[in-house]
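Here are my notes on the model you sent. Please read them with the coordinates open.

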Amino acid sequence: MSANRLPPSPLSNLIFASRWLQLPLYLGLIVAQCVYVFLFGQELWHLITHSVSMGEQQIMLIVLGLIDVVMISNLLVMVIVGGYETFVSRLRLENHPDQPEWLSHVNASVLKVKLAMAIIGISSIHLLKTFIGSGALGGIPLCPPERMATAVANIGEQTCATLTAEGVLWQTIIHCVFILSAIGIAWTDKLMSAGHDKAGGHAKPAGH
């Protein structure tokens, strides 16, 4: 005869209900998403209205900036949707035609790997922008702080450099660290999944 299941204590209910404290955080990320939409519109309008007077390098950097905004926006969506589904409450989107494919099997480990891959993608865009802007290294002097913002906005026409060889090297090293970290996270998740599968197999009852 199995023992009756005891109802959760008030303390247990309070601790479990504390997960709703994360709700304002996810709502705040939605506001941040709106800011990125506004920023994307600004950059796109700047590209459309000034494309005739821009050089190819400037246009390429603005387009990479737009891609960067989109990838950060995708990262926000993964954190908002996946984080809410994993740590707060179910979204109940099983029959929704627009349900993301990854949401059906999302958990803390899957979300961690996907976020690591998204960060690598964002870092790759930033590194590509750095490589494009580093073509003038050694040919022109480094910009003083008061001219840095203007030089970044006019990368194809600046008379001073916004990057240093040491800065490019460190950005490359950091990007490689991101890649190694993502590989380590994915490998650890694979080992943990294999361990769970073996434990589940050992727990199966013996056949008659």
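Which residues form one aromatic cluster? Trp20, Tyr26 and Tyr84 do. The points below start with the basis and the fold, then come back to the rings.

1. Basis. This is a predicted model, where local features need pLDDT of at least 70, side-chain atom pairs count only at pLDDT 80 or more, and totals for chains, interfaces and linings use all residues. Residues are numbered from 1 along each chain as its sequence is written, and side-chain values use heavy atoms, without hydrogens and water.

2. Fold. The protein has six helices and zero strands. Helices (H or I, at least four residues) and strands (E, at least two) are DSSP runs, numbered from the N terminus. Contacts here are heavy atoms within 4.5 Å. Of those between residues at least 6 apart in sequence, 65% join residues at least 24 apart.

3. Surface. Of the 208 residues, 25% count as buried. Buried means under 20% relative accessible area, exposed over 50%, partly exposed in between (1.4 Å probe, protein chains only).

4. Helix H2. H2 covers residues 23-50, and its 28 residues should span 40 Å. The expected span is 1.5 Å times one less than the number of residues. The end C-alpha atoms are 41 Å apart, which agrees. Tyr26, Gln33 and Leu47 are buried in H2. Their cover includes helix H3 (56-87).

5. Core. The largest nonpolar core has five residues: Ile72, Leu75, Met78, Ala118 and Ile122. Such a core is a set of buried Ala, Val, Leu, Ile, Met, Phe, Trp, Tyr and Cys residues joined through side-chain atoms within 4.5 Å. H3 gives the most, with three residues. Ala118 touches Leu75 and Met78, leaving aside residues up to four places away in sequence.

6. Rings. There are two aromatic pairs. Rings of Phe, Tyr and Trp (its six-membered ring) pair if their centres lie within 6.5 Å; planes under 30 degrees apart count as stacked, over 60 as edge-to-face and the rest as tilted. Trp20 and Tyr84 are edge-to-face, 6.4 Å centre to centre with 70° between the planes. Trp20 lies in the loop between helix H1 (10-17) and H2 and Tyr84 in H3, so this pair ties together parts 64 residues apart in sequence. The Tyr26 and Tyr84 centres are 6.4 Å apart with planes at 80°, so that pair is edge-to-face.

7. Trp20 is partly exposed at 36% relative accessible area. Tyr84 is buried at 17%, and Tyr26 is buried at 9%.
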